[in-house]
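Morning, everyone. Please have a look at the structure on the screen, and I will talk you through a few parts of it.

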Amino acid sequence: MNDHSPEGLASRRHHDYRLVGGAGERAQAAGLVNADWYRCAVPRPVMKRLMQRSDARAIRDTLIWYGAIVGSGVLAWFAWTAHSLWAIPAFFVYGTLYCSPADSRWHEAGHGTAFRTRWMNDALYQVASFQIFRRATVWRWSHARHHTDTLVVGRDPEIAAPRPTDWVALALSVFALKHVSIELPKMVSAAFGRLNEDERTFVPSSAWPKVFREARLSLAIYAAVIAASVYFRSILPLLYIGLPSLYGGWLYLYFGLTQHAGMPENVLDHRKNCRTVMMNPLFRFLYWNMNYHVEHHMFPMVPFHALPQLHETVKADMPPPYRSSLAAYAEIIPALVRQTRDPSYHVVRPVPGAKQA
């Protein structure tokens, strides 16, 4: 018997997001796979200038970021050794700096646009992946698929808010509990030389040995930290490495949901399924300008430091940006609530020259 209950319909709808046995074949038949996306017109000399990479800016920002991590970690240690309750907010700040900005650094270095020098991109990518508890090579290919088939159901492995809205999953994501609970078994499996069937659809077989080596190295580091905690009979080592990937992940969720949550699926125009959100200088530093997300998806090879200039270049052909992250959430939360009972609902943005769905 078919299950027509709300729970049954939700289960079938979420099943569509699987990369194997989901809605991928329907997306292929509809011409949504590896399709041509709309791009704003940008003069070639302007685009060439915008795509110039720079080591200096990324080195400066990376040193400031790691300096802030070390500084907050030292303050947390002093508070801890003094048995002060200030250790709680101190470690909260440390974990937030350790984990959340690692998401945007992982992202930008993964595109190879953070630095001009390739090994610097690769080094930051590996370290940031570890900090945010991701298997570097798997997520590199996952993100490539995300850009190729953005919010295409059954193809995009990085849809953060599937429909209908799963509020339990979102709540668990505040401190990365959902992410780590999914990623840890996959990391263990990869350490034993296995990838699941979904991952095998986007990770080429030539990259599998690297996936397995990375998983073994990450697990060895975590095992060493756990051993140190047992040896010293203290949770302190885990508060510095391991647990920050959980308790420090709240800010990257706050930033990340502004990208696509509540937006339409299966459309070939990033102006419709992405958001550009104006943010204050601190947020822009921590997020490395990923708040210019429509521009980034449309021109992913433009470095983070040039995205504000790109925004000014194409803004006449873009929907108006959100004034702040709070303004974005004033739309996101009602949209997610409505999608709980009506999965067909999505936000409609005023796109210049486009028919509104």
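Buried, for today, means under 20% relative accessible area; exposed means over 50%, and partly exposed is in between (1.4 Å probe, protein chains only). This is a predicted model: local features need pLDDT of at least 70, side-chain atom pairs count only at pLDDT 80 or more, and totals for chains, interfaces and linings use all residues. Residues are numbered from 1 along each chain as its sequence is written, and side-chain values use heavy atoms, without hydrogens and water.

Start with helix H9, residues 177-191. Helices are DSSP runs of H or I, at least four residues, numbered from the N terminus. Which residues of H9 are buried? His 179, Val 180, Glu 183, Met 187, Ser 189, Ala 190 and Ala 191. Their cover includes helices H7 (136-148), H10 (208-232), H12 (244-247) and H13 (250-260). Just after H9, Gly 193 has a positive phi of about 85 degrees.

Now the core. A nonpolar core is a set of buried Ala, Val, Leu, Ile, Met, Phe, Trp, Tyr and Cys residues joined through side-chain atoms within 4.5 Å. The largest one has 84 residues, and Phe 91, Phe 299, Val 302 and Leu 310 touch the most other members. Helix H5 (residues 87-111) gives the largest share, ten residues. Take Phe 299. Beyond its neighbours within four places in sequence, Phe 299 is in contact (heavy atoms within 4.5 Å) with Arg 39, Cys 40, Val 42, Met 47, Leu 310 and Val 314.

Last, Val 168. This residue sits in helix H8. Buried or exposed? Val 168 counts as exposed because its relative accessible area is 59%. Thanks.

Definitions and conventions:
Helix = DSSP H or I, 4+ residues; strand = E, 2+ residues; numbered from the N terminus. Expected span 1.5 Å × (residues − 1).
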